[in-house]
2 protein chains.
Amino acid sequence: MTLNHKAPAVVLLSGGVDSATVMAIALKQGFAPYAMSFRYGQRHAIELDAARQVAQHLGVVGHTIVDIDLRAFGGSSLTSDEAVPKGRTLDEMAAGVPSTYVPARNTIFLSYALAWAEVLGAQDIFIGVNALDNAGYPDCRPEYIHAYEQMANLATRLGTEGKQPLRIHTPLIQMTKVQIIQTGLDLNVDYSLTSTCYDPEPDGTACGLCDACHLRRQAFTELGLVDPKPYRA
Amino acid sequence: MTLNHKAPAVVLLSGGVDSATVMAIALKQGFAPYAMSFRYGQRHAIELDAARQVAQHLGVVGHTIVDIDLRAFGGSSLTSDEAVPKGRTLDEMAAGVPSTYVPARNTIFLSYALAWAEVLGAQDIFIGVNALDNAGYPDCRPEYIHAYEQMANLATRLGTEGKQPLRIHTPLIQMTKVQIIQTGLDLNVDYSLTSTCYDPEPDGTACGLCDACHLRRQAFTELGLVDPKPYRA
């Protein structure tokens, strides 16, 4: 009899469609996932309830929610009282860095994941970045992730010991939203538990008009499926 | 008449000898410095009082103290109840990563500095890492800093606009502690305001025996100077 020791992995889990799908992929690949979420001053902090439910439903080994204050810096409509853009077309979304970009957010998130990975002895970090839907976000691009991985491999004890390199897994990076949802459905992700909207009602009802709602709804429609989340508009 | 608009720079300021010297260098180089310090669960949080005094004495444009909880992860004697090593020789200090190493700490600090720099429109970040005294710390090595800079230049809006690159300045990286203190004294740094000890008394008195105290005291002795800080032992 062989004991099956699964390798630990840190999985960034916002509670949205993408990160829930990434969590299911990490499990499918045989990792023992440790979910990491952030209360960072986002107006849509209700996504953390979704993260808890997704983590529980899929079955993670551990889940930590880290408190950080990105409102202290400002610079984003997601962490200020500035209005979130509504009703934009895909072309408008693709034109430049949107106001919903949070300065250096993925860099900060990955840095906490790196710290936790080092303490856990994990060499694998999963993040649900996507280059197609987020063309305007600098920290969703493959070249950024590659550079982060290079840096991470020099940043920790492992980097001084010539050990196997640390890997930043981005299984969704070249997928369309349709492909992401199809992948998740095949892995039994329950998307009714996820929260996508940038500007939800207090009870979690999605606005239906922000960029994130737009992309999500369109993908469910293309799949000929009914999105299980309620929308205001 | 030409108005002299100084370029903003984010300067990581712990309140110790190295970061105080870096702040004086950034000022000397003509930057408008924004000091950034962290309350991260360190046992020597009294260094934040020193950071405030150093920032005020040298004259910074702004100073933010960010609350982050690195105790949540553990993995270091600086952020847990594990004893800090005392009375070690230089050879002992150079042998491997010490227990006072905090997992991914500089990566997390630099990531917050990157976020603030982006919001300020700053392209310059200063950090007082030193490769000689901290041979055991992976995130004090030149190759790590170089990789971080590469990543940072892809991580933000600037990275998508082909603008001038962001620079991580490490003016102390190849200096001895003697050279650092000599440089700071030439720039009017008041080292009586700084706090170096990993395990100080509540009133700020340094232990005199931890690695950080050892390196500091030895440097003042080599310079033939009296260290203006009080020591317990």
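α5(A) passes α5(B) in a left-handed crossing, meaning that the near helix is turned anticlockwise from the far one by less than a right angle. This is a predicted model, where local features need pLDDT of at least 70, side-chain atom pairs count only at pLDDT 80 or more, and totals for chains, interfaces and linings use all residues. Residues are numbered from 1 along each chain as its sequence is written, while chains are lettered from A and ligands numbered from 1 in the order in which they are written.

Helices here are DSSP runs of H or I with at least four residues, strands are runs of E with at least two, and both are numbered from the N terminus.

Back to the two α5 helices. In each chain α5 covers residues 142–155, and the two axes come within 8 Å and cross at roughly 160°. Axes are lines fitted to C-alpha atoms, for helices over the stretch in contact, and angles run from 0 to 180 degrees between N-to-C directions. α5(A) and α5(B) are therefore roughly antiparallel (over 145 degrees; under 35 is roughly parallel, 65 to 115 roughly perpendicular, the rest oblique). Among the residues making the contact are Y144(A) and M151(A) of α5(A), and Y144(B) and M151(B) of α5(B). Contact means C-beta atoms, placed from the backbone, within 7 Å. The residues of this contact divide into 12 nonpolar, 2 polar and 2 charged. Nonpolar covers Ala, Val, Leu, Ile, Met, Phe, Trp, Tyr, Cys and Pro; charged covers Asp, Glu, Lys and Arg; the others, Gly among them, are polar.

Now the whole interface. Chain A and chain B each put 37 residues into the contact. Which helix of chain B gives the most to the side that touches chain A? That is α4(B), with 9 residues.

Last, α7 of chain B, residues 177–186. K177(B), I180(B), I181(B) and G184(B) are buried there (20 or more other C-beta atoms within 10 Å of the residue's own; 12 or fewer is exposed, in between partly exposed). Why do they lie on the same side of α7(B)? Because they cover an arc of only 90° around the axis, taken from the directions from the helix axis to the C-beta atoms. These buried residues pack against α1 and α8 of chain B. α1(B) and α7(B) pack at about 45°, with axes 9 Å apart, and are therefore oblique to each other. Just after α7(B), N188(B) takes a positive phi of about 65°.

Conventions. Two residues are in contact if their C-beta atoms, placed from the backbone, lie within 7 Å.
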